[in-house]
2 protein chains.
Amino acid sequence: MRLGFGLQRICSTITPANPLIFRSHPLPVVLIYRSSSNMASEVNRTAHAFDKTRFEALLNRRFFYAPAFEIYGGVAGLYDYGPPGSSLQANIINEWRKHFIIEEHMLELDTTIMTPSPVFETSGHVARFADWMVKDTKTGDVLRADHLVKNVLESRLAGHNEASGLAAAPPSEDKKRKKKGAKAAAVALPDEAVKEYETILAQLDNYTGPELGELCRKHDLRNPDTNNEVGEPQQFNLMFKSSIGPTGQHPGYLRPETAQGHFLNFSRLLEFNNGRVPFASAQVGRSFRNEISPRAGLLRVREFTMAEIEHFVDPDNKNHERFSEVKDVVLVLLDRHIQESGGSTTVNMSVGEAVEKGIIANETLAYFMARIYQYLIKIGINPERLRFRQHMGNEMAHYATDCWDAEIHNASGWTECVGCADRAAYDLSVHAARTGAQLVVREALKEPIVTEKEVAEWNKKVLGKTYKADAGVIQQIVDAMDELELLRLKGELAQGEAVIKSSDGKEFNLTPDVVTIERKTFKQSIREYTPNVIEPSFGLGRILYTLLEHSYWSREQDVERGVLSLPPLVAPTKVLIVPLSAREEFDPLIKEVSSKLRRAGVFSRVDDSNTSIGKRYARNDELGTPFGVTLDFASVQKGTMTLRERDTMDQRIGAIDEVIAVVTELVFGNINWAEACRRLPAYDGKQDVD
Amino acid sequence: MRLGFGLQRICSTITPANPLIFRSHPLPVVLIYRSSSNMASEVNRTAHAFDKTRFEALLNRRFFYAPAFEIYGGVAGLYDYGPPGSSLQANIINEWRKHFIIEEHMLELDTTIMTPSPVFETSGHVARFADWMVKDTKTGDVLRADHLVKNVLESRLAGHNEASGLAAAPPSEDKKRKKKGAKAAAVALPDEAVKEYETILAQLDNYTGPELGELCRKHDLRNPDTNNEVGEPQQFNLMFKSSIGPTGQHPGYLRPETAQGHFLNFSRLLEFNNGRVPFASAQVGRSFRNEISPRAGLLRVREFTMAEIEHFVDPDNKNHERFSEVKDVVLVLLDRHIQESGGSTTVNMSVGEAVEKGIIANETLAYFMARIYQYLIKIGINPERLRFRQHMGNEMAHYATDCWDAEIHNASGWTECVGCADRAAYDLSVHAARTGAQLVVREALKEPIVTEKEVAEWNKKVLGKTYKADAGVIQQIVDAMDELELLRLKGELAQGEAVIKSSDGKEFNLTPDVVTIERKTFKQSIREYTPNVIEPSFGLGRILYTLLEHSYWSREQDVERGVLSLPPLVAPTKVLIVPLSAREEFDPLIKEVSSKLRRAGVFSRVDDSNTSIGKRYARNDELGTPFGVTLDFASVQKGTMTLRERDTMDQRIGAIDEVIAVVTELVFGNINWAEACRRLPAYDGKQDVD
């Protein structure tokens with residue numbers, strides 16, 4: 001829970017809004033997976049319930065990522081990506097660049113992480129980018145206040161359900177509660193308590209720190225690890241602080257988002273874009289948040305890679321040129337009204353309809369929501385576990401028009417992975433006010449706006465002579481008049497004399513030799529405005545983690561044989577080359593196949609380690625490598641090669657060049673596995689390679 | 001100048017070793033540029049002397065990069081990259097990944113920037129990653145001590161040369177001195193002073209802080225900005241410090257290099273590589289150094305992107321499998337002996353010969369030097385402004401075997417851009433010693449090593465009964481014996497009895513029923529060792545900046561018309577599409593050409609701004625866009641398109657698809673401009689597009 005205007009953005013919370021939905025799908029992993037890599041074949045990926053422990057062991061074993069500084073005991077919330085994790089991340093970023101930056105001609109930026117304090121004073125981060133923490137009254141351990149409330153209440157509700165026989169807690173949930181040391185006793189609660197807890201959880205994002213403290217006292221919420229009481233919530237700023245230069249006089253912060261770097265460069269970007277709006281800047285980079293007590297793996301970390309877009313748009317026209325291309329994209333929407341009334345029912349609706357009905361505020365926001373959806377599906381996120389949740393009234397920044405989070409479902413529930421907000425003119429306005437820089441668009445009007453109005457024309461000489469010290473007051477009175485008053489004055493002057501009154505009741509006589517009122521024409525040919533900002537903001541680590549979870553399953557015949565069905569588009573390695581053995585006779589063929597694949601633009605790796613082909617394939621199933629080719633004696637003698645598909649373990653055979661052609665088309669998504677099977681006969685060799 | 005073992009690495013100093021060379025080429029930009037983009041045509045790129053002010057104005061105007069937080073007044077040493085700078089950087093990184101990671105099957109990592117203090121305590125950074133600073137005694141301004149010495153002495157030498165009529169100071173140097181407020185008076189110096197200053201400058205990297213203080217006093221070196229005296233040099237640690245977590249008890253630092261992240265993950269990397277050595281890890285990422293007083297643009301910054309390789313190798317075998325592929329690559333070498341004797345003469349030598357002659361320590365180090373050279377040339381660095389300088393004895397880390405810097409010449413002199421060091425086993429050893437982690441390779445020996453030795457066999461029962469409390473002492477005495485002593489004891493026991501003595505002179509009689517000495521065979525089948533590390537470390541910002549400088553020139557007819565002759569490989573945009581006007585009739589053609597180029601893998605941009613074609617091309621010459629295609633009425637009517645080459649401004653014409661085919665081959669380097677001219681006739685349209 002964060003305070004105030006729009007600082008509660010991407011990566012700030014695992015949305016706690018829908019424990020109800022979570023409970024109604026106790027085993028969300030048994031959803032039917034769609035075939036992520038365009039394969040037609042049937043594989044039972046739901047033979048085993050999702051086992052988070054096995055899944056995480058696989059990621060650790062294969063070095064997708066690991067706790068940073070592990071040999072020093074590690075530091076909570078800091079992780080290193082190993083070779084497959086780095087590759088997967090690079091591929092996700094690469095697709096992001098193609099999908100957004102190149103496709104939409106965005107202007108890429110790479111701005112600094114270290115930021116001098118005044119920037120974040122202006123943006124509001126120094127004062128308000130904070131979480132509420134509570135201290136264990138005996139051990140001094142620090143907990144995030146809202147997480148404490150969430151964990152204890154959810155645990156009590158789960159215990160209640162168990163006791164009432166309403167639902168057995170799902171095994172993983174149960175284990176989690178026990179591990180956390182929570183009083184997970186299966187105790188039935190009074191009906192009112194159940195209702196009250198559910199209401200609190202649904203509105204958790206709306207509580208202030210003192211209110212969270214009040215909840216802890218009222219419901220006797222204690223540190224689940226020690227059962228000790230906790231103290232009053234205190235604010236903790238989440239930015240890492242440092243100092244720039246040798247004198248210690250220039251405090252700096254590590255950016256908690258890349259956005260300020262875009263706003264500060266607005267004038268340069270506008271100029272680069274030949275002064276035209278709309279345009280978007282984009283940046284992929286590291287950001288930092290000094291989380292109070294991160295425990296959720298890659299879902300809540302202290303250092304993370306983000307991808308942010310700031311789309312600058314005319315506040316008077318938020319239509320999008322390419323909206324027609326996406327208007328039929330159907331999204332799962334959870335709107336603010338449903339949530340505010342305590343519900344969690346989603347609707348499936350095209351973005352076109354949502355804009356028409358006023359559910360999504362404008363076309364540009366809706367355009368980006370649809371594009372976000374397309375991107376996430378393309379890289380392999382399960383569309384059945386993806387929804388767009390609108391921020392509630394109190395949750396949203398006061399200046400923001402509308403804000404939607406793309407939430408991806410995973411073992412921890414629904415997690416905010418992409419934020420998509422209309423931030424209005426806030427950011428540019430505050431930086432302009434603080435620095436005096438003109439962060440505006442000047443637009444030549446096609447048709448100058450011509451206006452006429454009554455204007456006072458003074459004869460300054462006569463004015464001064466006649467009224468002396470009162471001259472200034474008299475001018476002020478007339479200058480403050482509106483059109484109607486001026487017309488009245490004009491009429492009176494036409495009669496020869498007019499009387500005007502100052503605010504303190506003093507009267508002055510005016511005559512036409514001092515002032516006349518005339519109708520004048522004004523022509524405005526430049527329009528000047530502060531553009532609004534639509535901001536899609538991606539937490540790439542969260543996307544990477546949920547993608548891995550969505551891709552994971554175990555072979556029906558053996559729960560220990562894990563597979564990551566990553567789409568070829570993002571898989572760390574596309575093709576594994578497996579020689580039957582490390583014998584030298586295979587070397588020329590390995591070189592040939594690997595260089596032909598490289599020329600075709602397909603990234604392959606050779607595994608010639610001293611272990612069985614089956615074990616090598618099993619290892620690469622865990623690494624998510626979609627295809628494998630085997631070089632054996634038939635390859636040497638007859639020039640054939642087998643092709644294996646990861647998910648089905650199907651094997652086909654063909655001439656080496658033919659197999660290379662087929663696998664290249666598979667990798668680039670031009671054909672699916674069914675088509676590959678039509679082109680290559682099944683491999684019926686006796687040698688069992690699995 | 002940094003203290004101690006190997007912390008003086010990439011980005012730590014603009015090497016001051018060769019002011020002599022610098023002075024002997026007062027206008028280094030008049031070197032003959034080679035044609036960087038494979039064009040055969042002749043262009044006079046040296047018509048105008050390099051003008052740093054014009055060059056930097058171009059980079060600023062086109063937003064390659066700009067001071068970060070500019071509207072807040074900026075912060076020294078922090079820069080943001082705009083769209084062309086970001087693109088150029090992304091292309092440089094992309095080529096780096098292909099050239100090193102993919103080509104050499106390196107294991108990529110992405111580790112955290114925020115690092116807990118113990119890691120840098122172990123590595124030595126907390127104690128020693130520091131520069132010496134001095135304070136202006138009146139204003140309190142802080143200066144880097146070695147930079148002060150360098151600037152003042154160089155300025156005096158330049159003044160001397162001017163006064164003696166030896167050489168006019170080059171205008172840019174002169175301006176620099178004046179701007180800095182140095183006493184740049186043209187004063188002749190005594191011969192001894194000239195010699196002494198030159199010796200000091202040549203050995204600047206060898207002075208300690210107190211020695212720098214002594215130099216300031218002896219030669220009356222003052223702050224050039226104020227002419228005030230400076231105080232005693234003090235150490236300033238260059239790492240940015242912060243604190244991890246809410247309690248403030250866990251100090252952390254921003255990494256000053258990515259290397260530690262590789263070393264800490266060594267065991268996981270080794271396992272990922274199936275336990276085999278050699279292998280290399282690689283990482284591209286942000287690092288931070290809190291420079292004392294950065295003033296040199298992108299050459300000395302507080303936040304920068306590095307690319308580092310840690311190649312782990314058997315200390316007993318530093319040959320490289322692929323050395324034969326590079327052994328004939330000729331490098332410009334400046335070896336340590338030449339420098340130590342005060343000289344700066346380089347030799348051109350193949351890396352094969354350099355290894356043979358013992359100038360480069362081993363094949364692996366030489367292999368990487370050659371590969372670094374190939375990479376730098378490929379992206380467009382002028383080979384005539386690239387040399388490899390070996391670290392001098394005192395400059396190099398005490399544990400290092402050898403270290404070479406790839407230095408690139410630019411307007412500031414020779415700048416270290418890539419470091420290439422053999423760091424021996426230092427890093428893994430210190431982390432293993434501190435954490436107890438086994439950072440070693442265990443290698444199954446092909447031939448087990450069989451050894452025989454004499455071993456004492458005790459009858460513990462009899463030993464205890466006979467000697468009681470002395471039993472332990474007796475065992476210790478025998479266990480401490482070497483082979484010879486054991487053989488003597490064996491002989492005595494064979495006689496029936498032996499006498500042994502403890503260190504304090506006590507004697508014990510031993511008989512064969514208590515102990516016998518037997519010859520036993522031992523078989524060692526595993527070899528265990530700490531691998532050595534060869535580390536190529538790239539400062540990407542410095543490479544990017546020097547590449548821009550090497551690419552810059554002005555048209556002969558107009559010094560204001562700047563061109564950046566970036567090779568197509570790294571140019572931010574490959575092809576500019578220029579419609580004659582923004583009229584709608586060109587839209588379908590623009591879409592067609594741009595989508596055909598995209599399909600061919602060529603990144604293009606459309607410039608349909610309301611300005612002349614000539615101005616649009618001039619802007620894109622400044623952006624380094626190598627090719628432009630113009631769509632005009634002939635395109636609409638006859639389906640032709642003109643193709644313009646940036647450096648020569650030559651224009652050719654052909655059918656649209658033909659031009660696309662030619663430009664695609666040009667971009668991928670398959671053909672050069674001469675070949676393109678053979679395929680497409682010259683454009684002789686009357687309309688002057690330049």
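# Exercises on strands, a helix and an interface

Strand β15 (residues 402–410) of chain A and β16(A) run antiparallel, joined by 9 bridges. Strands here are DSSP runs of E with at least two residues, and helices are runs of H or I with at least four, both numbered from the N terminus. Two strands pair if DSSP finds at least two bridges between them.

This is a predicted model: local features need pLDDT of at least 70, side-chain atom pairs count only at pLDDT 80 or more, and totals for chains, interfaces and linings use all residues. Residues are numbered from 1 along each chain as its sequence is written, chains are lettered from A and ligands numbered from 1 in the order in which they are written, and side-chain values use heavy atoms, with hydrogens and water left out.

**Exercise 1. Give the strand order of the open sheet of 9 strands in chain B, then find its edges.**

- The order is β3-β10-β11-β21-β16-β15-β14-β12-β13, with mixed pairing.
- The edge strands are β3 (107–108) and β13 (347–350) of chain B; each has a single partner strand, so one side of each lacks a neighbour in the sheet.
- Inspect one pair. β11 (residues 303–313) and β21 (residues 532–539) of chain B run antiparallel, with 6 bridges.
- Glu308(B) has Ser537(B) as its bridge partner in β21(B).

**Exercise 2. Describe the surroundings of Arg286(A).**

- Arg286(A) sits in strand β10 (residues 279–288) of chain A.
- Its relative accessibility is 14%, so Arg286(A) counts as buried.
- List contacts (heavy atoms within 4.5 Å). Leaving aside neighbours within four places in sequence, Arg286(A) touches residues of chain A, including Arg255(A) and Phe304(A), and of chain B, including Asp110(B) and Ile113(B).
- Find a polar contact (N or O atoms within 3.5 Å; within protein, one able to donate a hydrogen and the other to accept it, with residues adjacent in sequence counting only if both atoms are side-chain atoms). The side chains of Arg286(A) and Glu303(A) make one at 2.6 Å.

**Exercise 3. Account for the contact between chain A and chain B.**

- 77 residues of chain A meet 77 of chain B.
- Buried area is the accessible area (1.4 Å probe) that two parts lose on being put together, summed over both. The chains bury about 6500 Å² between them, 59% of it on carbon and sulfur atoms.
- There are 6 salt bridges between the chains, with a side-chain nitrogen of Lys or Arg within 4 Å of a carboxyl oxygen of Asp or Glu. One of them joins Arg268(A) to Glu70(B) at 2.8 Å, N to O.
- Helix α3 (residues 83–102) of chain A gives the largest share of the chain A side, 5 residues.

**Exercise 4. State how many residues of helix α22(B) are buried.**

- α22 (residues 613–622) of chain B has 8 of its 10 residues buried.
- Among them are Ile613(B), Tyr617(B) and Asp621(B).
- Their packing partners include α2 (52–61) and β23 (558–564) of chain B.
- Just after α22(B), Gly624(B) takes a positive phi of about 80 degrees.

Note on methods: Buried < 20%, exposed > 50% of the residue type's maximum accessible area, 1.4 Å probe, protein only.
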